[in-house]
Amino acid sequence: MTESDAQPASPPPAPIPSTTSPAPRDAVPLALTAILSLTAFALTYRADGAGLNMLLIAAAVVGGLLWALRRRQITAQPAAVLVLGFGLICALGLTLRGGSLMSGLNTLGLLTAFSLGAAFLRLPGLTRLGTGGLLLSLILGFGRAFYGFPAALGRFPWARLRGGAWQRHGITRQGGGRVLIGVLLTVPVLVVFGGLLSSADERFGQLLSRLLTWNVGDLPTALLQLGLWAFFLGSPIYAALLARRATPDLADLERFAPRLGLIELGLPLLSLSLLFCAYLGLQASTFFGNGLDAGLTYSEAARQGFGQLTTVAALTLALLLLSHTLLRRELRLTLAYRFISAAVLLPLALLIASAYIKLNLYISAYGLSEIRVLGAVFLGWVSVSLLAFAVLGWQGKLERFAYFSLISGLSIIAGLNVVSPGRLIATLNISRDLQDVRTGERESHQEANFYELLNLGADAVPLIVAHLDRLTYPGNEVSTASEQRPKPSRGQAEQTLHERYPSPTDWRSWNWARSRAQGLVVGLGY
């Protein structure tokens with residue numbers, strides 16, 4: 001066969017068009033992540049701890065996200081803005097309050113508020129998000145800490161950084177050289193004036209010394225901390241500016257979820273109601289559990305009763321939410337289902353009252369502590385959520401339950417910052433101890449211990465200083481109220497306070513409670 005007999009080659013098949021459009025390129029998320037990460041690094045590197053720096057970082061994140069949305073001419077969702085506002089209140093709590101309890105609660109509130117608020121800042125649906133969707137959104141929000149920053153790197157328009165693109169925007173190599181010369185001229189200006197200002201103010205000089213004094217051995221640690229901030233802050237920035245959805249799609253799961261009727265769900269719920277009523281009938285003779293069970297001490301009966309009843313209330317709330325999800329939609333607004341829910345909620349309300357009575361007995365006998373405050377707060381949040389379930393369920397608006405429960409939880413944390421649990425615990429225990437000493441009513445009273453009060457944090461220091469001569473130390477407690485109480489060593493107490501609260505050296509870690517405690521400790525004149 002000759003060359004002329006050969007068949008012409010067929011053209012290559014046309015490429016199949018993609019069904020999904022590529023993600024748009026955007027430089028703002030990566031630039032915002034870089035700026036906020038550097039800001040957070042500057043506010044936390046070699047800092048003495050959390051304080052004012054956390055409030056400044058949180059405010060910078062919220063301000064940056066709102067600025068980016070406004071630049072895109074996108075209106076922020078009011079519900080998400082409210083949640084972010086509670087996050088700022090929690091960050092303010094880290095600046096105002098001391099102690100491990102409030103630090104933990106404020107940190108939890110801050111992370112929760114920023115995770116959900118950023119995810120729904122641009123996208124609607126937060127107010128009608130189900131309980132399962134809210135939990136999945138939280139999990140997804142924490143998961144974005146692993147891929148938010150890399151995604152921002154991938155969406156950055158790197159092609160614009162090539163030479164041709166710079167020239168199209170009027171930036172030539174000659175212009176780049178001029179920028180380099182300007183940077184080189186800036187360095188001596190900052191060095192000269194920075195040195196003069198450092199000489200004028202010692203605190204400003206210490207700040208510059210912390211930022212500019214570098215050790216080659218510290219470089220890996222500094223880079224690691226900067227990278228952690230980039231990944232951590234990349235999560236809310238990706239959620240607010242780049243994510244296509246705020247929560248996983250649960251449509252397929254709901255389609256395959258079993259749908260049950262009133263008989264299948266009514267039997268276990270009504271059985272639970274009868275179980276509650278039987279417990280209440282047995283406890284009625286001892287006024288909701290005021291008496292002691294056989295084999296248990298006063299402390300064990302009160303503590304175990306409160307913890308178990310709190311668990312019952314939380315599990316009942318989860319069971320009611322699960323039952324509502326599994327119930328067929330056409331039955332959720334029926335009168336029969338409402339009465340079944342009421343049959344569970346009414347005796348449960350008495351169980352919660354019994355739990356608080358047990359807690360009150362325990363506090364009156366053994367004083368207040370952080371774990372008891374935390375238990376009371378958690379049960380209060382569960383009680384508010386149960387009340388919201390009853391009201392919204394009766395009105396047929398249970399889709400708003402998750403958002404209401406979220407706002408109520410954040411509001412409780414905000415309220416605790418006003419109450420100051422550390423100061424409350426110290427006030428109650430000291431006043432109770434002084435009353436026991438005057439009356440001598442209790443044969444074995446629990447005395448206010450110096451170290452236990454000191455572990456409450458800086459909020460308790462004013463009361464410690466005011467009653468320093470009346471507090472006891474481990475090993476110095478007396479067994480009966482009739483014996484004479486030894487006075488602790490005031491010098492030992494003052495030394496411990498000075499070691500715990502030294503003079504402040506870093507404004508970034510400033511905390512109002514610690515600052516007040518440091519001032520009182522300095523006034524002791526140790």
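Visitor: How many aromatic pairs does a search of the whole structure find?

Guide: This is a predicted model, and the search finds eight aromatic pairs in the whole structure. One of them is formed by Trp229 and Phe232.

Visitor: Why is the pair of Trp229 and Phe232 called edge-to-face?

Guide: Their planes are 75 degrees apart, with 5.9 Å centre to centre.

Visitor: What separates Trp229 and Phe232 in helix H9?

Guide: About one helical turn, because Trp229 and Phe232 are three residues apart in helix H9 (residues 219-241).

Visitor: Why does Trp229 count as buried, and why does Phe232 count as partly exposed?

Guide: Trp229 has 14% relative accessibility, and buried means under 20%. Phe232 has 40%; exposed means over 50%, so Phe232 falls in between.

Visitor: What makes Phe389 and Phe401 an edge-to-face pair?

Guide: The centres are 6.3 Å apart, and the angle between the planes is 90 degrees. The distance is within 6.5 Å and the angle is over 60 degrees, so the label applies.

Visitor: Which parts does the pair of Phe389 and Phe401 tie together?

Guide: Phe389 lies in helix H14 (residues 370-395) and Phe401 in helix H15 (residues 401-419), so the pair ties together parts that are 12 residues apart in sequence. Phe389 is buried at 3% relative accessible area, and Phe401 is buried at 4% relative accessibility.

Definitions and conventions. Residues numbered from 1 in each chain as written. Predicted model: local features only at pLDDT ≥ 70, side-chain atom pairs only at ≥ 80, totals over all residues. Heavy atoms only, no water. Phe/Tyr/Trp six-rings, centres within 6.5 Å; stacked < 30°, edge-to-face > 60°. Helix = DSSP H or I, 4+ residues; strand = E, 2+ residues; numbered from the N terminus. Buried < 20%, exposed > 50% of the residue type's maximum accessible area, 1.4 Å probe, protein only.
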